[in-house]
Amino acid sequence: MANNHNNYKTVYAFAREMHPKTEKFDVQYGTAGFRAKANTLGYVMYRMGLLAVLRARYKKACIGAMITASHNPEPDNGVKLIDPCGEMLEQSWEAWATKFANVADDRLEEVITEIVTELGIEMTQRVEILVGKDTRPSSPSLAKALCDGVLALSGKPIDYGIVTTPQLHYFVYCRNSRNQYGFPTEEYYYRKLCDAFKKIRGKNFNTNNYQSKLYYDGANGVGAKKIKYFQECLGDSLMIDRFNDELIGTGKLNYMCGADYVKTKQAFPNGVPKEVGQRCCSVDGDADRLMYYYLDENEKCHLLDGDRIAILIAEYLKGLVEDTGFDVNLGLVQTAYANGASTEYITNTLNIPVSFVCTGVKYLHHEAQKYDIGVYFEANGHGTVIFKKEFKEKLQTSYDDPTVSVEVKRAIKKLQTVIDLINETVGDALSDMLLVETILHSKGWSIQDWEKTYTDLPNRLMKVSVKDRNTITTTNAERTCLKPEGLQKEIDMIVKKYKSGRSFVRPSGTEDLVRVYAEAASKDEADQLALEVALKVHEMAEGIGPEPKL
Ligand code: G16
């Protein structure tokens with residue numbers, strides 16, 4: 001059995017001696033891979049290294065492995081695998097990932113043989129696994145465990161060091177597209193995005209109500225490091241003041257700052273100067289989510305979340321496409337967390353079709369692929385735009401056609417430059433930020449102008465700790481609860497009491513808890529509705545710890 005590429009004995013010996021399975025409980029490949037306390041994850045990383053090699057051999061392409069727990073607290077960590085085109089791991093392999101993570105050390109060999117036989121994986125190829133990590137103190141040793149897994153099956157780990165999650169997605173796709181999508185280096189990535197940004201912006205940095213000054217909260221994470229390269233590349237074209245940065249800030253990763261904190265608490269982050277009216281944005285721990293906000297004179301924090309970003313982008317792209325004269329199928333993808341007012345605005349004012357899918361960018365991405373131009377965003381600020389290959393080819397063909405007018409060619413060029421500004425592989429907070437700034441600049445809008453587009457329904461997110469979050473199951477893009485039996489009926493009865501009320505519950509895929517969402521006609525009602533539903537979940541789904549309160 002032992003040969004260079006199929007050395008199961010080494011795999012087993014490594015597993016037993018260096019990365020033994022330490023935990024008795026089962027883990028699950030969730031919304032964005034595995035997430036847990038970092039000190040429980042060594043063996044999971046090792047096994048994901050093994051699986052990444054098998055996936056790469058199966059796809060005959062390179063695969064990515066990102067060590068991060070993104071928005072979770074600093075003591076957590078996790079891993080997400082990245083497929084050849086830079087998308088999240090195909091769903092059918094999530095079950096393999098879960099199986100690999102949970103099998104006993106002495107049965108690892110059996111599971112490897114099972115997958116190799118079942119899928120006919122050719123074990124002789126030398127494959128590359130691109131490895132990236134966030135800034136968590138636990139990330140280097142976990143990355144080492146993952147690389148041990150890659151080496152045990154004779155794969156070649158390529159260590160990209162500390163990078164944002166979307167950068168690694170981008171590198172994987174570049175490498176597999178043989179540089180058609182760009183070059184898989186950080187330098188190229190910054191240059192590509194910044195060149196496109198500067199080209200569209202021109203020499204006028206401030207326009208009407210738009211001022212190029214932006215406050216940026218790096219969540220004390222990788223986004224705080226990488227923004228410096230953007231600052232260098234962008235020069236005066238965008239004046240970014242950084243906060244919650246590894247040098248200036250003293251705070252912990254994601255602690256009272258970052259996109260998830262701002263969104264879930266609907267609060268201004270610590271560490272950012274409280275300047276009335278100033279446009280601010282936050283990214284999360286691995287810089288794949290983006291949130292905009294400002295403070296008014298009453299110190300109220302006004303949030304412009306993923307729904308707003310999606311609408312801003314969709315409307316802008318619709319206009320650009322109209323200028324080219326192309327007839328394009330443009331659509332938007334949301335989840336149950338999308339504010340009801342945003343869906344109404346997209347459908348009735350913008351006349352853009354909307355589809356709903358379950359939480360998790362992997363679901364949104366696949367749905368968006370059905371459109372020529374698919375804009376997808378979760379309300380939490382995670383999203384991007386994808387363009388069909390055929391559409392991009394059509395644009396180029398038309399641009400090269402000598403009979404096409406100069407005006408149309410100019411419109412095509414502009415759209416192509418905007419496409420260059422976008423990381424199509426996955427939601428990328430930094431590329432999204434440049435796109436938002438581009439659109440506000442082109443409209444001459446302040447953040448307050450942007451907010452006036454429509455009025456959000458007040459909403460509230462809550463978390464409930466329960467004995468086993470998997471006792472909650474849902475259907476209808478997570479908008480209806482199936483189990484525990486009777487819970488949906490109770491939610492319906494509670495919701496009926498509130499004007500414009502809507503609420504749903506679902507188990508989180510990244511944290512060990514149940515999430516509750518509620519919206520209603522006023523802030524107090526949204527809070528009250530969320531609390532009533534959270535108490536019901538606590539009662540009917542074996543809540544642990546104290547009862548939820550506002
Ligand atoms: C991940 C996913 C997102 C999802 C979020 C929360 O984000 O990539 O699509 O919305 O988790 O998921 P859940 O509500 O299931 O915990 P991130 O930024 O943490 O990787």
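User: Which cavity does the ligand take up?

Analyst: Rolling a probe the size of a water molecule over the atoms shows where empty space is left. In this predicted model, with residues numbered from 1 along each chain as its sequence is written, local features need pLDDT of at least 70, side-chain atom pairs need 80 or more, and totals for chains, interfaces and linings use all residues. Side-chain values use heavy atoms, without hydrogens and water. The ligand's space is the largest cavity (on a 1 Å grid over protein atoms alone, points where a 1.4 Å probe fits but cannot get out; more than half of the ligand's atoms lie within 2 Å of them).

User: How much space is in that largest cavity, and what lines it?

Analyst: About 400 Å³, filled by probe spheres set on the grid points. Its lining has 29 residues (an atom within 4 Å of a point), with R289, T359, E378, N380 and R515 nearest the centre. The model has three cavities of 30 Å³ or more.

User: Which residues come nearest the ligand itself?

Analyst: H71, E378, S508, G509 and T510, out of 20 around it (a heavy atom within 4 Å). That shell has two nonpolar, 10 polar and eight charged residues, with Gly counted as polar.

Key. On a 1 Å grid over the protein atoms alone, a cavity is a set of points where a 1.4 Å probe fits but cannot get out, and a pocket is an open set with protein on both sides within 12 Å along at least five of seven lines; lining residues have an atom within 4 Å of a point.
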